[in-house]
Amino acid sequence: MPTESTSANQTKRPRRFPWRVFWLLLFASLAGAAAAIPLILEEFRTLVQGAPRPSIPFPLLVAIGVAQNAVLLAVLIGVGLLLARRLDLRAPLLESWLYHEPPSVSARDSLKSGVLVGISVGVVLLVTLLIAAPHLPGLLFVSAARAAAWKRVGACFYGGIYEDVLSRLFLLTLLAWLGTR
């Protein structure tokens, strides 16, 4: 439990830009996007094979795509972290780990509620998908279920990291900041 002097020191401490959090989220997001590539290539193989050949070499096209993703992610993560600082939103467990500080919240309590909510939402989505999937055979998630398990697991990192950084860190923080205006 923080004492009164401890919490006073924390509020007086200058709030610098969290570069370590920035770099971790950027690299984790890029790794999440890379992990989804095998599944994407398999699912869109016929579309890619039927498309006209690009005028630039494929490795250069991939490098341009990675660079474009990195720049876009860097901007969105940076803006998300800046706005989060202005709203006094933080990731206390991640920051305490990265900056070697004692955590201000209990990891056990955070994991308990996160796991319970995650399992509940997962069960609702699974039941919904099991009911809807036979009626929607052309949807990507239905055909992706036939892909190799390692490709599907890789795509989970895309959704779990990349999409969460974009939607939660950037978009929801932006909406919260706009809501305070």
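Predicted model: local features only at pLDDT ≥ 70, side-chain atom pairs only at ≥ 80, totals over all residues.

**Entry 1: the inside of H4**

I looked up which residues of H4 are buried, meaning under 20% relative accessible area, with exposed set at over 50% and partly exposed in between (1.4 Å probe, protein chains only). Leu73, Leu76, Ile77, Gly78, Gly80, Leu81, Leu83, Ala84 and Arg85 come out buried. I then looked up what covers them, and the cover includes H2, helix H5 (92–98) and H8. The helices here, H or I runs of at least four residues, are DSSP runs numbered from the N terminus.

Residues are numbered from 1 along each chain as its sequence is written, and side-chain values use heavy atoms, with hydrogens and water left out.

I also checked the length of H4. With 29 residues, H4 reaches 42 Å from its first C-alpha to its last, close to the 42 Å expected at 1.5 Å a residue. The expected span is 1.5 Å times one less than the number of residues.

**Entry 2: H4 against H8**

How far apart are the axes of H4 and H8, and at what angle do these helices pack? I found H4 (residues 58–86) and H8 (residues 149–179) at about 40 degrees, with axes 9 Å apart. That makes H4 oblique to H8. Axes are lines fitted to C-alpha atoms, for helices over the stretch in contact, and angles run from 0 to 180 degrees between N-to-C directions. Under 35 degrees counts as roughly parallel, over 145 as roughly antiparallel, 65 to 115 as roughly perpendicular, and the rest as oblique.

The crossing of H4 and H8 is left-handed: the near helix is turned anticlockwise from the far one by less than a right angle, whereas clockwise would be right-handed. For contacts I used heavy atoms within 4.5 Å. The H4 side includes Asn69, Leu73, Leu76 and Ile77, and the H8 side includes Tyr162, Val165, Leu166 and Trp177. By class, the residues of this contact are 14 nonpolar, 3 polar and 1 charged. Nonpolar covers Ala, Val, Leu, Ile, Met, Phe, Trp, Tyr, Cys and Pro; charged covers Asp, Glu, Lys and Arg; the others, Gly among them, are polar.

**Entry 3: H2 against H8**

H2 passes H8 in a left-handed crossing. Among the H2 residues that meet H8 are Ala28, Gly32, Ala35, Pro38 and Glu42, and among their H8 counterparts are Lys151, Gly154, Tyr158 and Ile161. This contact has 15 nonpolar, 3 polar and 2 charged residues.

I wondered about the lysine: is Lys151 buried or exposed? Lys151 has a relative accessible area of 14%, so I put it down as buried. Leaving aside neighbours within four places in sequence, Lys151 is in contact with Pro38, Leu39 and Glu42.

Residues up to four places away aside, Glu43 touches Leu140, Ser143, Ala144 and Ala147.

**Entry 4: H2 against H4**

H2 and H4 pack at about 140 degrees with their axes 10 Å apart, and are therefore oblique to each other. H2 passes H4 in a right-handed crossing. The contact includes Val21, Phe22 and Leu25 from H2, and Asn69, Ala70 and Leu73 from H4. Its residues divide into 10 nonpolar, 3 polar and no charged.

I picked out Ala74 of H4, which at 22% relative accessibility counts as partly exposed. Ala74 touches Phe22 and Leu26, not counting residues up to four places away in sequence.

Most residues other than glycine have a negative phi. Asp88 lies in the loop between H4 and H5 and counts as exposed at 52% relative accessibility. His100 has a positive phi too, near 55 degrees. His100 is in the loop between H5 and helix H6 (107–132), and at 70% relative accessibility counts as exposed.

Terms used:
Helix = DSSP H or I, 4+ residues; strand = E, 2+ residues; numbered from the N terminus.
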